[in-house]
Amino acid sequence: MVKPKEKPADRALNPTSIDLGEYVINPYSGCVFGCLYCYVRNNKSVMKRREAWGSYVEARTNIPLLLERELKEKKPGQVLLGSTTECFQPAERKYRLTGQILEILNKLRVKYVIMTRSPMICEYIPLLEKGCCTAIYFTANMFARSLKKKLEPGSPGFRERFKAINRLLEAGLPVIPYFSPLLPSVSLWETAFRNFPAAEKLEMECLNFNLPTIRAIIAAVLSEHPGLKALYEKMAIDASFFIQTWDKIEDDVQTASKKANKQVRFHRHAPGDFYRNTYNAKDA
């Protein structure tokens, strides 16, 4: 078990290129979930550290003290919580920084969006019901537990996440089940349409083959599904085949969404394209 450390922050609000808020708040540094396909592990500041991603977490204990003053100075219309960390990871049970942040945002009537994959968020439903939360992007997926141990060694189980998403939906909160990353011929994406009956909208993000860790990701997948070697290796080197494969998957997803009477948004990555951070961009 990772023991959290404490490290004061220079500021609470940081500019973000993600189009879900004018600023982002990250109450922790690091994340014990340690997902192999996490974008954050490739940040320059993370790569400079000696500790491996997933092996450390630091609590930015002064964030609540800084936040109220900065909000009054900058007056953002909306902020994002959790772009480079998990706000509801185990350290939150001790420090309750995210809970304090939610209380401040609610008090000042600042709208906020949350990114998470942690069922712990359900403990904060009373705070989330105050009306300032505009969206919760809750990351889910579904594939074999043995593969999950290799790709998401410290994250909560998929079924636990499904239950948490439905609990938030039942509370009337603006939850978007975010099925990510979609692993070709591995992720059981069909479960997203039948396991969230109250969700009107879902989003899915394809596996980004441009990640620096893509070879390790593919190796993990092939260790469990050796029969997919030709598919994954060809997708990694053949741009035309890459596009055709995602075209077919997207067509199948859209067909399934119509049958389930649900809206779905499909996020794709072109060959050589890292990520555009365009959650609010209009669909083509």
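## Arg215 and its partner

At 47% relative accessibility, Arg215 is partly exposed, meaning between the cut-offs for buried (under 20% relative accessible area) and exposed (over 50%), with a 1.4 Å probe and protein chains only. The side chain of Arg215 meets that of Glu233 in a salt bridge, 2.9 Å from N to O. For a salt bridge, a side-chain nitrogen of Lys or Arg has to sit within 4 Å of a carboxyl oxygen of Asp or Glu. This pair links distant parts of the chain: Arg215 belongs to helix H9 (residues 214-224) and Glu233 to helix H10 (residues 229-237), 18 residues apart. Glu233 is partly exposed too, at 25%.

Before going on, a word on the source: this is a predicted model, where local features need pLDDT of at least 70 and side-chain atom pairs count only at pLDDT 80 or more, while totals for chains, interfaces and linings use all residues. Residues are numbered from 1 along each chain as its sequence is written, and side-chain values use heavy atoms, leaving out hydrogens and water.

## Other salt bridges

How many salt bridges are there by this rule? The count comes to 15. One of them joins Arg161 and Glu152 at 2.3 Å, N to O. Are these two buried or exposed? Arg161 is buried, with a relative accessible area of 0%, and Glu152 is buried at 0% as well.

Arg49 and Glu51 make another, at 3.2 Å from N to O. Here Glu51 is partly exposed at 30%, and Arg49 is partly exposed at 22%.

## The nonpolar cores

A nonpolar core here is a set of buried Ala, Val, Leu, Ile, Met, Phe, Trp, Tyr and Cys residues joined through side-chain atoms within 4.5 Å. The largest one has 92 residues, and Leu81, Tyr112, Leu128, Met204, Tyr232 and Trp246 touch the most other members. Apart from it lies another core of 10 residues, including Ile18 and Tyr137.

Take a look at Leu128: beyond its neighbours within four places in sequence, its contacts (heavy atoms within 4.5 Å) include Leu102, Tyr112, Ile136 and Leu173.

## Strands S10 and S11

Strands are DSSP runs of E, at least two residues long, and helices are runs of H or I, at least four, numbered from the N terminus. S10 (residues 201-206) pairs with S11 in the parallel sense over 5 bridges; pairing takes at least two DSSP bridges. Met204 stands opposite Phe266 in S11. S11 (residues 263-267) is mostly covered, with 4 of its 5 residues buried.
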